[in-house]
2 protein chains.
Amino acid sequence: MGEAYQALNEQTAVNYARRLEGVFPEEAVLENREIGDGNLNLVFHIVDPASGRSVIIKQALPYARVVGESWPLTLDRARIEGEALQLYNQWAPGLVPKVFASDREQALTVMEDLSDHIILRKGMIGRTRYPRLAEDMAAFLARTLFFSSEYALTPAEKKARVRQFINPEMCDITEKLVFTDPYYDAETNSFNPLIREEVESIWKNEGLKREVAQLKEAFMARAQALLHGDLHTGSIMVTAESTKVIDPEFAFYGPMGFDVGALWANFFLSYVSQEGHPGDAEEIRSYREWIRDTAEAMWTGFESRFRALWQEHVTDPMWTAPGFLDDVIHQVLQDAAGFAGCKMMRRVIGLAPVADLESLEDASERAKAEKLALEVGKALVLRRRNLHSAEDVLRLVCSIASKQEVQA
Amino acid sequence: MGEAYQALNEQTAVNYARRLEGVFPEEAVLENREIGDGNLNLVFHIVDPASGRSVIIKQALPYARVVGESWPLTLDRARIEGEALQLYNQWAPGLVPKVFASDREQALTVMEDLSDHIILRKGMIGRTRYPRLAEDMAAFLARTLFFSSEYALTPAEKKARVRQFINPEMCDITEKLVFTDPYYDAETNSFNPLIREEVESIWKNEGLKREVAQLKEAFMARAQALLHGDLHTGSIMVTAESTKVIDPEFAFYGPMGFDVGALWANFFLSYVSQEGHPGDAEEIRSYREWIRDTAEAMWTGFESRFRALWQEHVTDPMWTAPGFLDDVIHQVLQDAAGFAGCKMMRRVIGLAPVADLESLEDASERAKAEKLALEVGKALVLRRRNLHSAEDVLRLVCSIASKQEVQA
């Protein structure tokens with residue numbers, strides 16, 4: 001539409017929606033509510049009660065909303081998000097919201113309304129089981145990582161995509177908050193005073209920092225596939241029958257294991273926090289079992305789909321060398337374990353906490369879960385080279401969780 | 001100058017040179033000779049005999065000169081070359097030609113005349129020793145790889161450089177001619193009929209292809225530092241007192257080990273071809289010793305300089321974790337060995353031969369050297385994970401060379 005960027009309000013968002021072609025009937029009386037609970041964006045839910053039609057308008061703000069205008073943040077992330085969603089709609093249709101319009105100038109995307117879905121993290125805190133989740137996320141990961149990679153694109157196409165998704169400001173957030181600040185006494189950190197001893201022991205753990213440095217380097221330099229870049233359980237919306245991945249504003253070309261690991265980390269954070277949430281022992285045991293099974297099934301589904309896509313599409317004489325696909329998958333697994341470990345530790349020590357832990361009101365209950373998260377995170381980073389299957393990963397995670405319970 | 005691209009000829013090149021500010025006296029009578037012996041570019045040597053001043057104008061052609069207009073090739077490589085040379089002049093002054101002007105429209109760079117230097121490959125075929133070479137190349141590698149990396153630049157600067165040097169067409173040449181075609185019966189291949197058996201055994205060697213696939217993936221996806229990208233002994237000009245790296249038109253962000261490996265490969269190709277060139281046993285033995293010592297000293301000089309730059313400049317709390325620098329260097333070494341292996345094999349099997357071998361007129365003498373090159377190349381790829389020092393690398397190379405001589 002070509003006008004200079006202006007943050008929308010409830011009225012101008014309605015005006016904007018009304019101008020969209022083919023979305024609402026001409027005389028519709030639109031209702032609008034700003035529902036953004038994130039830190040960086042405005043999110044308008046615009047409904048025409050008469051026709052039942054509705055859309056979401058998501059607009060980036062030029063600063064981090066939670067801090068205010070003192071933390072400027074690139075509007076280019078709205079372009080990245082819109083372009084990533086459009087590619088996801090090609091590669092993994094049905095697993096992301098449909099995009100109706102993108103407006104680079106206004107840094108916004110108009111997309112499918114998912115009000116009938118809920119955020120997966122909330123669902124999991126309420127111990128809901130999602131029967132489609134493992135398969136859907138396996139398909140999302142396999143398809144988006146495969147189709148954006150060297151193995152599916154021509155070398156020139158892949159390099160053009162790398163260029164398209166260079167995303168310095170959003171990557172900088174991850175580089176700092178996931179891969180740097182939690183490992184020393186940084187100002188951004190914020191943690192439960194009851195676990196200070198454990199946190200300080202991480203700051204002194206030189207072997208751990210050396211391994212995290214390797215993972216950080218891989219995150220920064222290995223342009224393997226288009227990552228979502230922030231694939232935690234708050235970036236997934238679900239119903240019993242549907243799974244939608246949202247918010248790829250951190251998208252960039254990085255190592256495939258990072259998206260898999262992000263998902264795992266958030267499953268494992270839910271796992272370690274189960275004891276702190278209300279419920280009898282059987283309820284806890286059985287939901288943990290569901291988490292474990294789902295985390296494992298996500299990997300096995302990912303692997304089998306990725307292998308099938310490879311068989312179907314890869315023809316390069318080098319990529320088809322016997323054993324090379326096994327090498328690729330093996331590296332994704334070990335990377336995923338390491339990245340999962342980093343993502344767990346940062347949620348305990350760093351700037352951005354996670355509701356699975358934060359919602360534990362009793363500080364000592366919370367400390368118990370947080371210590372577990374740190375132990376699991378450390379082990380995933382330090383022992384990732386000994387992990388050769390999702391079963392190995394899950395066995396490690398669950399055995400640490402059980403051992404600690406006995407000590408406690 | 002803003003005019004549409006036009007390939008220069010000897011007359012228009014002189015006119016162009018005359019318009020350059022501050023290069024030649026106003027009334028100078030310029031002499032000009034086209035001296036390009038490469039495949040892709042025009043190179044004009046323009047001299048003012050009166051003042052003794054001279055420059056080189058290098059202009060990219062929009063096709064591969066050797067094949068003709070049927071093989072189009074991007075002019076953007078001239079921008080890449082000019083910009084890389086300018087950065088090299090900052091990072092490694094004295095080790096590259098000075099740049100007097102760059103003209104993006106005309107796809108040319110005006111640079112220092114190095115007519116008093118000769119191409120290192122020619123010097124080495126003549127068994128000349130260059131006392132400064134190891135130290136100069138060690139400095140070039142350490143400084144250009146370090147200062148372009150994540151470890152020296154801010155994350156945003158590094159990502160901007162990655163974008164600046166995305167170089168799909170030139171990378172495509174390497175991806176095909178170094179990492180793909182030599183490993184199957186590709187049309188581009190061209191080799192001595194006397195070694196067909198050895199070449200076919202490489203085409204059937206699935207374990208080798210799997211390892212080469214890993215190296216190809218690293219070349220394509222690991223954006224670690226700004227590489228020269230074509231650092232063979234034909235891209236280095238020397239005198240006894242001076243070393244200049246030229247022709248970075250293949251520059252892009254890739255794994256550091258690739259530049260080190262390219263240099264090693266060309267030293268090892270010289271090593272294995274020594275017996276075929278005239279000279280008595282002592283002459284051969286002693287020049288091989290010089291090659292070995294120089295190849296090893298290049299690495300040790302590189303490593304010590306890289307470590308010193310790191311100590312001086314790196315402050316990131318993760319990169320400074322004890323042991324991480326060792327990991328970085330260890331990986332560069334093993335990558336370099338693997339890439340050297342690929343680069344040796346491709347010079348024997350692939351499209352672009354190398355004068356060290358081609359100048360052996362007797363086909364069976366040449367076959368002996370070519371078989372050695374293939375054996376050394378294979379071993380470097382397959383055993384690179386067992387190599388932990390330059391000494392290990394050189395011991396492997398030299399022991400294979402000696403064993404084969406006994407068999408022959």
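A polar contact is a pair of N or O atoms within 3.5 Å; within protein, one atom must be able to donate a hydrogen and the other to accept it, and residues adjacent in sequence count only if both atoms are side-chain atoms. The structure is a predicted model, in which local features need pLDDT of at least 70 and side-chain atom pairs count only at pLDDT 80 or more, while totals for chains, interfaces and linings use all residues. Residues are numbered from 1 along each chain as its sequence is written, chains are lettered from A and ligands numbered from 1 in the order in which they are written, and side-chain values use heavy atoms, with hydrogens and water left out.

Across the interface of chain A and chain B, 12 residue pairs are in polar contact, both residues being at pLDDT 80 or more. Elements that give two or more residues to the side of chain A touching chain B are α5 (155-164), α6 (168-177), α8 (206-221) and α11 (324-349) of chain A; helices (H or I, at least four residues) and strands (E, at least two) are DSSP runs, numbered from the N terminus. With 10 residues, α8(A) provides the largest share of this side. The residues on this side of chain A comprise 21 nonpolar, 4 polar and 15 charged. Here Ala, Val, Leu, Ile, Met, Phe, Trp, Tyr, Cys and Pro count as nonpolar, Asp, Glu, Lys and Arg as charged, and the others, Gly among them, as polar.

Contact means heavy atoms within 4.5 Å, and 40 residues from chain A and 40 residues from chain B take part. The buried area between the two chains, that is, the accessible area (1.4 Å probe) that two parts lose on being put together, summed over both, is about 3500 Å², with 66% of it from carbon and sulfur atoms. K159(A), R210(A) and M318(A) supply 19% of the area that chain A buries against chain B, more than any other three residues.

A salt bridge is a side-chain nitrogen of Lys or Arg within 4 Å of a carboxyl oxygen of Asp or Glu. The structure holds 58 of them over all chains, and 6 are found across the interface of chain A and chain B. One of these joins K216(B) to D316(A), with the closest N and O atoms 2.8 Å apart.

Within chain A, E81(A) and K58(A) form a salt bridge of 2.9 Å, N to O. Because E81(A) lies in helix α2 (residues 76-91) and K58(A) in strand β3 (residues 53-60), the pair ties together parts that are 23 residues apart in sequence. E81(A) is buried at 3% relative accessibility, and K58(A) is buried at 7%; buried means under 20% relative accessible area, exposed over 50%, and partly exposed in between (1.4 Å probe, protein chains only). A network of salt bridges links K58(A), R77(A), E81(A), D247(A) and E249(A).

An unreviewed UniProt entry places the feature "binding site" at residues including K58(A), D113(A) and L114(A); UniProt positions are given in the numbering used here, feature names are shortened, and annotations may be inferred rather than shown by experiment. D113(A) lies in the loop between β5 (108-112) and β6 (118-119) of chain A and is buried at 16%. The side chains of D113(A) and S54(A) are joined by a polar contact of 2.6 Å.
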